[in-house]
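Keep the picture open while you read.

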Amino acid sequence: AEEVGGGDKEVVREYFNSTGFERWRKIYGETDEVNRVQKDIRLGHAKTVENAMLMLTEEGSLAGVTVCDAGCGTGSLSIPLAKEGAIVSASDISAAMVAEAEMKAKQQLPPENLPKFEVNDLESLSGKYNTVVCLDVLIHYPQNKADGMIAHLASLAEKRVILSFAPKTIYYDILKRIGELFPGPSKATRAYLHSEADVERALRKVGWKISKRGLTTTQFYFSRLIEAVPM
Ligand code: SAM
């Protein structure tokens, strides 16, 4: 049954501190210990990160720009952002993810460029940032929670919000339903797809409009990328 209370979030936290952490650390890593499907997802996700970096840098240099990376995972975006000179605040609901991201960042960045890491669910984030990014996190939010999550992210941003999510089209909706009928061992959490119209409406409600769109698809990975700015 779909959880409307805090249940979903606890399940997600627990998953990304245990089996989910192991699974995604491998997918987001560089080692060969991935199967064909995971390798395809790794490739797709890398393209999303690359496209997000293009969107972020085409408006000008990131040097000295404050960026909040909400749900940073293992730091796939936080680290390249910091390499470009952004002042990065990276947070995730999973302590295991944050520890992995911090370890990786320390290997690749000089101490003065390190992101500020924090274990925090994104609803508890406060402050103001030039840019807020949130990649592939909305998949953990049912529609009834997505609007609030998007509104909160927008409230933290001064200039732009960059979001990616698994797009809900009739075709993928059917695939997902089939997946639910035959849950595999790795399906430890529910995946929620979102329609672009719903995301656009949620942004509009709080005074933001979509300014750029991108789409990444590989065989097993689908992600719609959007940039939003104040209306
Ligand atoms: N954004 C990263 C990237 O693209 O590499 C990680 C994406 S991963 C599929 C989803 C991440 O969202 C996980 O690290 C998970 O712990 C985090 N997450 C899920 N729900 C969250 C919440 N409510 N607040 C903060 N992080 C959350």
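## Before we start

A residue is called buried when its relative accessible area is under 20%, exposed when that area is over 50%, and partly exposed in between (1.4 Å probe, protein chains only). Helices (H or I, at least four residues) and strands (E, at least two) are DSSP runs, numbered from the N terminus.

What you see is a predicted model, where local features need pLDDT of at least 70, side-chain atom pairs count only at pLDDT 80 or more, and totals for chains, interfaces and linings use all residues. Residues are numbered from 1 along each chain as its sequence is written, and side-chain values use heavy atoms, with hydrogens and water left out.

## Helix 3, end to end

Find helix 3, which covers residues 36–57. How far apart are its end C-alpha atoms? They sit 32 Å apart, and that agrees with the 32 Å that its 22 residues should span at 1.5 Å a residue.

Now for the hidden part. The buried residues of helix 3 include I41, V49, M53 and L56, along with R42 and H45. Its buried residues pack against helix 2 (19–27) and helix 4 (78–83), and also against strands 4 (129–134), 5 (157–165), 6 (208–217) and 7 (222–230).

## Salt bridges within a helix

Side chains of opposite charge can pair when their charged atoms come close. A salt bridge here is a side-chain nitrogen of Lys or Arg within 4 Å of a carboxyl oxygen of Asp or Glu. The structure has 14 of them.

Take E10 and R13, whose side chains meet at 3.0 Å, N to O. Both belong to helix 1 (residues 7–17), three residues or about one turn apart. E10 is partly exposed because its relative accessibility is 45%, and R13 is partly exposed too, at 27%.

Helix 8 (residues 196–205) has R201 and D198, which are about one helical turn from each other because they are three residues apart. Their closest N and O atoms are 2.9 Å apart in a salt bridge. With a relative accessible area of 51%, R201 is exposed.

## A salt bridge across the chain

E58 and K212 also form a salt bridge, with 2.9 Å between the closest N and O atoms. This pair links distant parts of the chain, 154 residues apart: E58 is in the loop between helix 3 and strand 1 (66–70), and K212 is in strand 6.

How values were computed:
Expected span 1.5 Å × (residues − 1). Contact = heavy atoms within 4.5 Å.
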